[in-house]
Amino acid sequence: MSKKSVYKRALLKISGEALSGPNRGIDFDSLSLIADEILEAHKLGVELGIVIGGGNIFRGASAEKWMDRVSSDYMGMLATCINALALQEALEKRNIMTRVQTAIQISEIAEPYIRRRALRHLDKGRVVIFAGGTGNPYFTTDTTAALRAMEISAEIVLKATQVDGVYEQDPATGNGGKRFDEIKYIEVLDKGLKLLDSTSISLCMDNKMPLIAFELKKKGNIVRVLQGEKVGTKIQ
């Protein structure tokens, strides 16, 4: 088996829920396991950007009933910054040089997102964690992942999920039906599959950015995907 990544540069999308424990917030056991997986991926020599969600702390869209959508979305962006700092700390305890860049200005805790600076960090082998979403309300962190992947010239988006790929129906509702090994973006839109929001799907499709959806918490999956093994579902 190859000991190197088949991709020179990749963008890993992690949901906030992946860090969540039974009482939401940050579960440090889950955080530690994810950091261990990223450490093994980093050893392959891949240049890695990470976009992390904030749904374990606050999800803007779910608060529309009680508050203005724009305000709640900004609160969600702040939640991603909390998760990014936690992940940065976990990675640096594993001797991985890391930078957090935010799309909203929080200069005391992170760099502002500057594309050229991000590229420089990646060239030097640092993991760059992109927080704060796109910096705009009404856009999800899935859209952020697609956008940042293209801005940093990543070769692939790795969508780490709670399930092992894309199904005909949501597995959380019962029988998910058929699991796809490969599927086209236009089919995802036509079938109404809920893997990503339509904005991020269209962005990837228009710019020919491939994406692999796979189960995050299965040990070794990030490494397997980077080494070119058939894991999860490939969308292109």
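# A friendly walk through this predicted model

1. Let's start with a loop. Tyr138 sits in the loop between strand 5 and helix 4. Helices here are DSSP runs of H or I with at least four residues, strands are DSSP runs of E with at least two, and both are numbered from the N terminus. Although Tyr138 is not a glycine, its phi is positive, at about 75°. Is Tyr138 buried or exposed? Tyr138 counts as exposed because its relative accessibility is 53%. (Buried means under 20% relative accessible area, exposed means over 50%, and partly exposed lies in between, with a 1.4 Å probe and protein chains only.)

2. A word on what you are looking at. This is a predicted model, in which local features need pLDDT of at least 70 and side-chain atom pairs count only at pLDDT 80 or more, while totals for chains, interfaces and linings use all residues. Residues are numbered from 1 along each chain as its sequence is written, and side-chain values use heavy atoms, with hydrogens and water left out.

3. (Two strands pair if DSSP finds at least two bridges between them.)

4. Strand 10 (residues 211-215) runs parallel to strand 6 (residues 156-161), and 5 bridges join them. Across this pair, Lys159 stands opposite Ala213, and Ala160 stands opposite Phe214. With strand 11 (residues 233-235), strand 10 pairs in the antiparallel sense over 3 bridges. There the bridge partner of Ala213 is Thr233. Strand 10 is mostly covered, with 4 of its 5 residues buried.

5. Which residues touch the most other members of the largest nonpolar core? They are Leu12 and Ile38, in a core of 43 residues. (A nonpolar core is a set of buried Ala, Val, Leu, Ile, Met, Phe, Trp, Tyr and Cys residues joined through side-chain atoms within 4.5 Å.) The elements that give two or more residues to this core include strand 1, helix 1, strand 2 and helix 7 (221-226). Helix 2 gives the most, with 7 residues. Apart from this core lies another, of 28 residues, among them Ala145, Ala149, Ala154 and Phe180. In soluble globular proteins, nonpolar side chains tend to be buried together.

6. Beyond residues up to four places away in sequence, Leu12 touches Ile38, Leu48, Gly49, Ile50, Val51, Leu158, Ala160, Phe214 and Ile222. (Contact means heavy atoms within 4.5 Å.)

7. Asn83 is in helix 2 (residues 69-92), and is buried, with a relative accessible area of 0%. Leaving out residues up to four places away in sequence, Asn83 touches residues including Gly16, Leu19, Ile52 and Gly53. Gly53 is in the loop between strand 2 and helix 2, and counts as buried because its relative accessibility is 3%. Gly53 and Ser15 are 38 residues apart in sequence, but 4.6 Å apart in space, C-alpha to C-alpha.

8. Let's finish with helix 6. In helix 6 (residues 198-206), Ser200, Ile201 and Cys204 are buried. Why are they on the same side of helix 6? They cover an arc of only 100° around the axis, which puts them on the same side. (The arc is that of the directions from the helix axis to the C-beta atoms.) Helix 4 (141-151) and helix 5 (185-191) are among what covers these buried residues.

9. At its start, a side-chain oxygen of Asp197 reaches to within 3.0 Å of the backbone nitrogen of Thr199. Just after helix 6, Lys208 takes a positive phi of about 55°. Lys208 is in the loop between helix 6 and strand 10, and counts as exposed because its relative accessibility is 72%.

Technical notes. A polar contact is a pair of N or O atoms within 3.5 Å; within protein, one must be able to donate a hydrogen and the other to accept it, and residues adjacent in sequence count only if both atoms are side-chain atoms.
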